[in-house]
Amino acid sequence: MQKENWPIIARLLDLTKESSESNFQNGIMSILTSDLGWPESQVSKEYPVRMGSTSKKMDFLLKDSEQHPMVVIEVKLSKSHDDGVAQLGSYMNALEPQLNIGLVIKDKIYVFYDESNGRKLSSLSDAIYSIPFESGCAEGEKFVELFDFNSFSYKKLLDFCVKRKQELKEKQDKLQMIQKIVNLLLGSSGVDFVKSAVVEKLESIEPFKNYSFQVLEAAIADLDISILKNTEKQELNKSEYTLKESTTNYNSVDLDINWNLCGIDEAGKIPKIYTDGSREIFVKKFHEQGYGFIYWELENRKTIKHRWENRNKSITTANINGNLTSRDFYKKNKQLISKIIISSKELKSYNQLLI
């Protein structure tokens, strides 16, 4: 099977992603068996899996020639509020043997790799690779290359996933480091830092190395490092390291609050602080009044306020964290967010938290 089959696959997925669930699943079954060449004996639809005292059915399971599970596929219509990631993770963990590779097919194909067999998966942002339903995309051709049955190798798929996850981690580490450097340069001590660095550099360059450190320091004491004053406006807005979400629907607020002294801090990859006192109290008030507020605190101390409307009435204490991390703002700016503050009240000052 050739990579050129991707345009056919993309067209079928795009046509059926907003139809009925059965049509979407039938289209995917056709893609797996006809376009990718998988034998029906190695593609199980609605495969039953024991989870505690109950039995559930996963949408698809790809198996090897010995009928051992290899890859779970969870399917969701693009208009569905459920991203299917939690289900995917629970299926990967419940199978025997447990799996660390799974797919969610929704508005895109999302590829997940988790060394803990799905237990760490919480949202679509955890995907290591995503493939839009576009005929000319290289990601789609790579998908066909990896999942074409005639050339399929689980080891090749696994190696790809491991390498991809490592690349993403290295990129995220780099972004975080760059953001910390930017924060330092734009902070109150940024100018002094730059001047000190300039003095140290001058000490090794002719003819300045003939002067003492004190003389050089005095010479640039009044130097106007103006580049730092306009960096944020002129450069950072063009950079991939700034917010990737338009702030049209988000208000930037200046809150002089030490969040570590307020509310309840839930530990995690990104701390979540419930200023009402607990997650349970917030959810109760959220349903009573129909709205709440999310404050995304960024590493540069800028805070973005988002009014959270309780439209679908489906938020519970069990799924609220997953809902937060599945929001577009979180997914697009995850590497820049240092804290998430959740409150039933609009916050304006520290004193308001004491009411």
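The following conversation concerns a predicted model of one protein chain.

Reader: What should I know about the model before reading any values?

Author: This is a predicted model, in which local features need pLDDT of at least 70, side-chain atom pairs count only at pLDDT 80 or more, and totals for chains, interfaces and linings use all residues. Residues are numbered from 1 along each chain as its sequence is written, and side-chain values use heavy atoms, with hydrogens and water left out.

Reader: How many helices and strands does the chain come to?

Author: The secondary structure comes to eleven helices and twelve strands. Helices (H or I, at least four residues) and strands (E, at least two) are DSSP runs, numbered from the N terminus.

Reader: And what percentage of the residues is buried?

Author: Of the 355 residues in the chain, 44% are buried. Buried means under 20% relative accessible area, exposed over 50%, and partly exposed in between, with a 1.4 Å probe and protein chains only.

Reader: What share of the contacts joins residues 24 or more positions apart?

Author: Such pairs account for 60% of the contacts in the chain with a separation of 6 or more. A contact here means heavy atoms within 4.5 Å.

Reader: Let us turn to the sheet. In what order do the six strands stand?

Author: The order is β1-β2-β3-β4-β5-β6, in an open sheet with mixed pairing. Two strands pair if DSSP finds at least two bridges between them. β1 and β6 stand at the edges with a single partner strand each, so one side of each is left without a neighbour in the sheet. On average, neighbouring strands of this sheet are turned by 30° against each other, direction ignored.

Reader: How do β1 and β2 pair?

Author: They pair in the antiparallel sense over eight bridges, and Ser44 stands opposite Leu61 in β2. The two strands form a hairpin with two residues between them, and Gly52 in the turn has a positive phi of about 70°.

Reader: Which residue is the bridge partner of Leu61 in β3?

Author: That partner is Val72. β2 and β3 are also antiparallel, with four bridges. Their hairpin has five residues between the strands, and Gln67 takes a positive phi near 70° there.

Reader: What does Gln42 touch?

Author: Leaving aside residues up to four places away in sequence, Gln42 touches Leu61, Leu62, Lys63, Asp64, Ser65, Gln67 and Phe149. Gln42 lies in the loop between α2 (21–35) and β1, and is buried, with a relative accessible area of 11%.

Reader: How do the axes of α4 and α5 cross?

Author: The axes of α4 (residues 138–147) and α5 (residues 154–186) come within 9 Å and cross at roughly 140°. That makes α4 oblique to α5. Angles under 35 degrees count as roughly parallel, over 145 as roughly antiparallel, 65 to 115 as roughly perpendicular and the rest as oblique. Axes are lines fitted to C-alpha atoms, for helices over the stretch in contact, and angles run from 0 to 180 degrees between N-to-C directions. Lys142, Glu145, Leu146 and Phe147 of α4 meet Lys156, Leu157 and Phe160 of α5.

Reader: And how do α1 and α2 cross?

Author: The axes of α1 (residues 6–16) and α2 come within 9 Å and cross at roughly 170°. These helices are therefore roughly antiparallel to each other. Ile8, Ile9, Leu12, Leu13 and Thr16 in α1 meet Asn23, Phe24, Gly27, Ile28, Ile31 and Asp35 in α2.

Reader: Finally, which residues of α3 are buried?

Author: In α3 (residues 85–94), Val85, Leu88, Gly89, Tyr91 and Met92 are buried. Seen down the axis of α3, they fall within an arc of 165°, so they line one face of the helix; the arc is that of the directions from the helix axis to the C-beta atoms. What covers them includes β1 (43–51), β2 (54–63), β3 (69–75), β4 (101–105) and β5 (108–113).
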